[in-house]
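Have the sequence and the 3D view open side by side, and let's take a walk through this one together.

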Amino acid sequence: MKAHELFEEIINGGHAKEKTCDVIKAGDPNKELKKVAVTMFATVDTVKKAQEWGADMIIVHEPTYYDHFEEIEDLPVVVAKRKLIENSGITIYRYHDYMHDREVDQIPEGEIYYLGLKGKIEKTPYSASYFFKADEPITALELANKMEKELGIKRVRIAGTRDKKSTKIALCFGTPGGVFELLCDENIEMVLTGEACEWRLAEYARDADALGMNKTLIVMGHIGSERDGMRLLAKRLSENHTDFETRYIECGEVYTYTDEE
Ligand SMILES: [Fe+2]
Ligand SMILES: [Fe+2]
């Protein structure tokens, strides 16, 4: 199978946007595949790991060059990174829009799957977000602990209510709009997001809780809130394809902490 054939297979069933970022980013679309790496970000480190493994293709979710459409000038980091990628000979495709724009968005699907939660994911009227009606009520503290244990997120942040059970959860992974509207929605008690504006969103949740309302914002970090969708993609590729090897390569969280080596 060639790289472009696999990509066409992956995006099949998604919706085409007029302008999509889901295109080839580097390398040869006709490259024959023996090893396919899947990762959240093509960081310098993940590209090197993929190269060491002998990957022919990397499928990424996020931009490689710090702009959604990667329309960026030749900054020193961009030039050096492009050289590294070109020298690796690896073909890179981005799988983002087609992944989100499905009947079931594969990012929240993967997050909920690896969290081990049961419940129903449904679209909301707000941008890039979903209602998650959990089968079992859970507190924010329990959920945050689960995120650290099951998803390996190093520091989950909780603003607002910590210890009231709820099933009324909204999923706003990555950096979407609409988080404030969801926090204000009376049918939602807990909003899970990737990265968030503290002065507005987190303070709203803190005040709501102090006024006796059940309202929580849980901040997982951008990578922590989306990478498990890519993990699930890698799992499915390895289950469905014996014609090439698939490996999920962890890009790691972008921040480090003072209590780490
Ligand atoms: Fe994202
Ligand atoms: Fe995303």
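Predicted model: local features only at pLDDT ≥ 70, side-chain atom pairs only at ≥ 80, totals over all residues.

**A walk from the sheets to the iron ions**

On we go to β6, which runs antiparallel to β8 and is linked to it by five bridges. Here I138 has S166 of β8 as its bridge partner. Another set of five bridges connects β6 to strand β5 (residues 119-123), again in antiparallel fashion, with K123 standing opposite Y130 of β6. The hairpin made by β5 and β6 has six residues between the strands, and A128 there takes a positive phi near 45°. Strands of a sheet pair through backbone hydrogen bonds, either parallel or antiparallel.

Now find helix α6, which spans residues 140-150. Which of its residues are buried? They are A140, L143, A144 and M147. Looking down the axis of α6, you will find these buried residues within an arc of 100°, so they line one face of the helix. The general rule behind such a pattern is that an α-helix has 3.6 residues a turn, so residues three or four places apart point the same way. The cover over the buried residues of α6 includes strands you have already visited, β6 (130-138), β8 (166-172) and β9 (190-193), along with β7 (157-160), β10 (216-219) and helix α5 (106-115). Just after α6, G152 takes a positive phi of about 70°.

There is also an open sheet of five strands to explore, with mixed pairing and the order β1-β4-β3-β2-β11. Its edges are β1 (24-26) and β11 (245-248); each has a single partner strand, so one side of each is left without a neighbour in the sheet. On average, and ignoring direction, neighbouring strands here are turned by 25° against each other. Within this sheet, β3 (residues 57-60) and β4 (residues 91-94) run parallel and are joined by four bridges, and I59 stands opposite Y93 in β4. Helix α2 (residues 44-53) packs on the sheet, where it touches β2 (35-39), β3 and β11, and its direction makes about 160° with that of β2.

Next, look at how two helices meet. The axes of α5 and α9 come within 7 Å of each other and cross at roughly 90°, which means α5 is roughly perpendicular to α9. Residues making this contact include E109, E111 and Y113 on the α5 side and E226, R227 and R231 on the α9 side.

Is R227 buried or exposed? R227 is buried, with a relative accessible area of 4%, and the cut-off for buried is under 20%. Leaving out residues up to four places away in sequence, R227 touches M40, E111, L151, G152, I153, Y248, E250, G252 and E253.

The iron ion (ligand 2) is coordinated by H61 (NE2), H100 (NE2) and E226 (OE), at 2.0 to 2.1 Å. H100 lies in helix α4 (residues 97-100) and E226 in helix α9 (residues 222-240), so this pair ties together parts that are 126 residues apart in sequence. Both H100 and E226 are buried.

The iron ion (ligand 1) is coordinated by E62 (OE), H222 (NE2) and E226 (OE), at 2.0 to 2.2 Å. Distant parts of the chain are linked here too: E62 is in the loop between β3 and α3 (76-88) and H222 is in helix α9, 160 residues apart. E62 is buried, with a relative accessible area of 6%. Which residue bridges the iron ion (ligand 1) and the iron ion (ligand 2)? The bridge is E226, and the two ions lie 3.3 Å apart.

Key. Residues numbered from 1 in each chain as written. Chains lettered and ligands numbered in written order. Heavy atoms only, no water. Buried < 20%, exposed > 50% of the residue type's maximum accessible area, 1.4 Å probe, protein only. Arc of directions from axis to C-beta. Contact = heavy atoms within 4.5 Å. Pairing = 2+ DSSP bridges. Axes fitted to C-alpha atoms, helices over the stretch in contact; angles between N-to-C directions. Donors = N, O, S within 2.8 Å, 3.2 Å for Na, K, Ca; no water. Parallel < 35°, antiparallel > 145°, perpendicular 65-115°, else oblique.
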